[in-house]
Amino acid sequence: MKRLAVLLLPLFLALATAPAQEAGFDLQAAAGYSATDAGEFSASGKLKGWFRLPLSSSARFSGSGYLQVGTIPAGSSAGVDAFKAAVDELGFELAIKAPVEGMQGFSFDLGRFPFEDPTGQIVSTPADGLGFGFHYPNLIFSFRAGYTGFLFRETSDVAMSLADAGRAASTEVLGPARFLGLASLELPPLFGQRIGLSFLAQEDLNPESAFVQAGAQVYEPGKGGPLDTQYFTLRARGPIAAGLRYEAFAVYGTGRILSWLDDAASPSGHSYRFAPIQSGLFGLSLALPLESFLPQATVGLKVLVATGDKEASSATEGNTQAVFHRFTPVTSSSLGLVYSPSLANLAFVEASLGARPDFLPGRFQAAAKLMTFLRTTAGPVSEAGLDPASTSAYLGTELDLVASYGIYSDLGLLLTLGAFLPGVAPAGAFSTAYAGSHLQFAARLAVTLAL
């Protein structure tokens, strides 16, 4: 990875110094301390480069990426622990206003760009591919196809299956390979509300050597099969009353998963066979401005509920029944600063308060989030430490504080503080023997300089 970083640095320098209308670097230095199952101090340096190169009034070439000196644990004899590098965006964009009568705009992009479903909860990752957008006065249709197999392993967020986990733990340069296809339709407003429909499909393109073969009658620990999934989403958003706004969505997840199922004809009593997936994800967000009480402040509430499967043998794959009911997102989630399990077999409730007070010069904003984590079934979740005998739904509560301060236009500070209190058995699901069953916390201070 060090040699890869050295090779990418000249590319970022050349792109960011091209005769573009917009280009630049951000240099960030950060230090933090986390205490989960063990305390650890870390420090990092990150160089981000980006550029926007106009090709015409409607077309441009753009890119962004970063190089990072990884965490430096306190007392480490190795000094620098790792290098990371990523190209987040690199491609061609075309946007044409009113290409034909009755159409407001047409857009096309080709290359590496962010790939995200309308909810932002199923998939959020860079991907290599193409996208189209057709914009009408009251209707928007878009389509995007992407491939994740060219993302660097150390920076890929694709984490669905045992094959993905094996790739993440390997020394390979590239991460899990999956094909993604997304079609979205925004319907005309109805009583001031916007309704959207979308369909997302992903196909597992990891190598066959990473999979157990369907029909095998000998159990192979740590290996699973190809995991192909589809997601149908209905989404609504808009104002309610007195400044209160909402966003709600429901996702029906389908697909297939290779499962270790009972088989009377097998000498072992089991065999690997494909089982269908029937799962769901539900979300609701509310936001209310508090201008009359606190200028530039907003209070919010977010609820996410992802179905689980109490019969699952593990938090990754692990189906043992004729139908698998646990929701499985494509990419890992980012919920709390300290505790952030995968959005599977999980109910998440967050109350938040954000404000941009003007009592300091420069740009200052702060947010506080109080979160509660629950299991939707007594099955496993992605994070370790649960008591296998516990049927409690309560996982814990976390409080996060985030403050950013733009001292000057090119200099900013970011402070994040998080504290998570696990729910310990018998009232909670965590085992008392787990090293991380006590209060966990994390703090990080970052300084960013725009060059």
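**View 1. Ala98 is found in the loop between strands β4 (83-97) and β5 (105-116).** Strands here (E, at least two residues) and helices (H or I, at least four) are DSSP runs numbered from the N terminus. Ala98 is not a glycine, yet has a positive phi of about 45°. This is a predicted model, in which local features need pLDDT of at least 70, side-chain atom pairs count only at pLDDT 80 or more, and totals for chains, interfaces and linings use all residues. Residues are numbered from 1 along each chain as its sequence is written, and side-chain values use heavy atoms, with hydrogens and water left out.

**View 2. Ala242 is found in the loop between β10 (228-241) and β11.** Its phi, near 50°, is a positive value in a residue other than glycine. Ala242 counts as exposed because its relative accessibility is 77% (buried is under 20% relative accessible area, exposed over 50%, partly exposed in between, with a 1.4 Å probe and protein chains only).

**View 3. Thr254 has its place in strand β11 (residues 244-262).** Thr254 counts as buried because its relative accessibility is 15%. Leaving aside neighbours within four places in sequence, Thr254 is in contact with Asp228, Thr229, Gln230, Phe232 and Ile277 (contact means heavy atoms within 4.5 Å).

**View 4. The largest nonpolar core has 35 residues.** Such a core is a set of buried Ala, Val, Leu, Ile, Met, Phe, Trp, Tyr and Cys residues joined through side-chain atoms within 4.5 Å. Ile122, Tyr231, Leu281, Phe373 and Leu395 touch the most other members. β11 gives the most to this core, with three residues. Not counting residues up to four places away in sequence, Tyr231 touches residues including Ile122, Phe199, Val251 and Phe327.

**View 5. The peptide bond from Ala425 to Pro426 is cis.** Its omega is near 10°. Pro426 lies in the loop between β17 (411-422) and β18 (440-450).

**View 6. Over residues 74-80 the pLDDT is below 50.** pLDDT is the predictor's confidence in each residue, from 0 to 100. The mean pLDDT of the protein is 90, and 92% of its residues reach 70 or more. Where pLDDT is low, the predicted coordinates should not be read in detail.
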